[in-house]
Amino acid sequence: MTDNHGVPSELAGDPAQIDTHEADNAHGSGSKVALAVGAVGVVFGDIGTSPLYAFRETFLGSHSLAIDKLHIYGVVSLIFWSILLIVSLQYVVILMRADNKGQGGTLALVALLSRYIKTQRGTFVVVMLGVFATALFYGDSMITPAISVLSAVEGLKVVNPAFEAFVIPIAVALLLFLFLIQRRGTATVGRLFAPVMLVYFTTLAVLGIIHIIAYPYVLAALNPWYAVQFFISDGYIAFLALGSVVLAVTGAEALYADMGHFGKGPLRLSWFAFVMPCLLLNYFGQAAMIAGMDPAETAKAMENPFFNMAPDSLRLPLVILATCATFIASQAVISGAFSVTHQAIQLGFIPRLTTEHTSAAERGQIYIPFVNNVLMVAVIVLVLMFGSSTALASAYGIAVTGAMFIDTCLMGVLLLAVWKWKWWFAAPVFLLFFFVDGAYFAANLPKVPYGGWFPLLIGAIAFTLLTTWAKGRRLMRERMAETALPIGIFAKSAKNSATRVPGTAIFMASQSGGVPSALLHNIKHNKVLHDRVVILTIEIADVPYVDPTKRCDMKELGDGFYRAILRYGFMEETDVPEGLKHMERCGGEFDMMQTSFFLSRQTLIASDKPGMPIWREKLFAWMLRNAATAMSFFRLPTNRVVELGSQMEI
């Protein structure tokens, strides 16, 4: 296949056929400690900026709680055990073991699971769950930059209430700047990410320690009984409060998704040895500060407990540091959106999109203009529409908890189908996280009328687009297969019916069997064949990286015809000219000045044939028309490409 793939076919295959580069081996001689430090600047920004608003929103949200020791201890106890169970145990300990040749994330997990599921129906369910989690991710990636940057800039109101009028303009200006610099890449400024985040997390810990020393009794909240008392006392209100407590664990999925960049060892080291202690110290510090206050002052302090932890003289520097941290966290989310989109394109769920490389040294640093522009517009609209981080918190959480709940369902399949755990051992583990993540998701459902509808709407739109594209491409391949002519028969009949001309013609084919339509149209209308005719198929494996020694495959068909295959992992770039340099057969080397690339371009005609409803066919046709050209996607030389079009009904 050249560019796009169907749902089950691309996620099936024998993992033993294709080797990959393990993530932990991809970093050369870099030490685990150095990678752990680097991870602090990239991976933990989202969860690291949660202290700016998570504790506050639990008290000031639509389910307002009394600011007393029962609720303060209960909330901070919930935060502690949520971080311990969801982030540390579920993601860092368990799911990080489920790497797909070093890569993590929902799509990588789906690709891994699909190799072990024996039934087509089971594969379909797993793939749909993964696609929906990916769709929810796009909703989350719009809200995270908005609420993070806005919550940091709102610290100016604590410094001086007169700055309130400048909060929205400053936040919008920072976000615009963030999206506009994406085209230039972040390689240079990225070197500052780790030092800034190290200072930021250290500041979190120091502020927390100061207030814990002043009021050490708050450490009693390590006992989960305080969380239980909270539920006994408040019942349904405590359940609703879970919708805000979960803000403390947003970003947990990023730890799993970014595993391929740093390796599970360095990520676990940075989390357990540095990031988690800093976060917990800060949350307990906020609780200690409020609990140790005069009750008459608690309401005012709770309006922004994070910035009130600092002395007056240090609040402005803290606002600047927090703004830098949220800027970095937002950058990580945007880069994650580019990476997930690239994976989805390679796995066949999204049309080809123009992708630019922003670094010659780092292949993972990419920029996708369409995704960047959509995110930029959505984030700015969110800031202007909601106007405050408190209002945005109503929209935040449902996409995150939905994705975590799906990850839990996939984890159940992982325990039984891949790791072969006994059901009596797997069931308690699965049910624990099913109950916890399910409770957090259910607690966020009441937010839907107050802003939670936004990520759900974005998720529904993205899910419709992703599934429409995957199904449309599958139907197109089926229609083409129905009329496909065997290449062996074609080669024998064509050698005497067309004039041979010097040079090489490479016909890109979406399937490894049959004759591509561009070849049929070329001989029909031009009545010529090149001396060397290569039918080339690009296959995307269900692993992140393909062993270069197994990249190429070739079969000689006789009479100057060759069938060639180039294989790539779903994290790799499909650079066809570079791949052809390493294909030493096919009758000799490929001279790009003597080689022409022939592409088939289908124009879809909506019809009443069984397959998809008319509205989805029209949507698929629109996506097909607006997809990036195969020429740019496969890095083909612009002056050596010929496109031949045809019409098709699905």
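A charge is taken to sit over a ring if NZ of Lys or CZ of Arg is within 6 Å of the ring centre and within 35 degrees of the ring normal. By this criterion Arg97 lies over the face of Trp419, 4.3 Å from the ring centre. Arg532 is placed over the face of Phe590, also at 4.3 Å from the ring centre. The model is predicted, and local features need pLDDT of at least 70, side-chain atom pairs count only at pLDDT 80 or more, and totals for chains, interfaces and linings use all residues. Residues are numbered from 1 along each chain as its sequence is written, and side-chain values use heavy atoms, with hydrogens and water left out.

Aromatic rings were examined next. Rings of Phe, Tyr and Trp (its six-membered ring) pair if their centres lie within 6.5 Å; planes under 30 degrees apart count as stacked, over 60 as edge-to-face and the rest as tilted. The count by this rule is 26 aromatic pairs. In one of them, the ring centres of Phe80 and Phe284 are 6.2 Å apart and the planes stand at 75 degrees, so the pair is edge-to-face. Phe80 belongs to helix α4 and Phe284 to helix α15 (residues 264-291), so this pair ties together parts that are 204 residues apart in sequence. Helices (H or I, at least four residues) and strands (E, at least two) are DSSP runs, numbered from the N terminus. Both Phe80 and Phe284 are buried, where buried means under 20% relative accessible area, exposed over 50% and partly exposed in between (1.4 Å probe, protein chains only). Tyr215 and Tyr217 form another edge-to-face pair, with 5.2 Å from centre to centre and 75 degrees between the planes. Tyr215 counts as buried at 13% relative accessibility, whereas Tyr217 counts as exposed at 57%.

Helix α4 (residues 69-94) also holds His71, which counts as buried at 6% relative accessibility. The side chains of His71 and Asp234 are joined by a polar contact of 2.9 Å. A polar contact is a pair of N or O atoms within 3.5 Å; within protein, one must be able to donate a hydrogen and the other to accept it, and residues adjacent in sequence count only if both atoms are side-chain atoms. Apart from neighbours within four places in sequence, His71 is in contact (heavy atoms within 4.5 Å) with Phe59, Leu65, Ala66, Phe230 and Asp234.

Helix α21 (residues 398-418) and helix α22 (residues 423-444) pack at an angle of about 170 degrees, and their axes are 9 Å apart. Axes are lines fitted to C-alpha atoms, for helices over the stretch in contact, and angles run from 0 to 180 degrees between N-to-C directions. The two helices α21 and α22 are therefore roughly antiparallel, a term for angles over 145 degrees. Residues making the contact include Phe405 and Met411 of α21 and Phe430, Phe434 and Phe441 of α22. Ring pairs link Phe405, Phe430, Phe434 and Phe441 into a cluster. Gly438, found in helix α22, counts as buried at 17% relative accessibility. Not counting residues up to four places away in sequence, Gly438 touches Phe405 and Phe433. The loop between α21 and α22 contains Lys420, which is exposed with a relative accessible area of 56%. Phi of Lys420 is near 60 degrees, a positive value in a residue other than glycine.

Terms used
Parallel < 35°, antiparallel > 145°, perpendicular 65-115°, else oblique.
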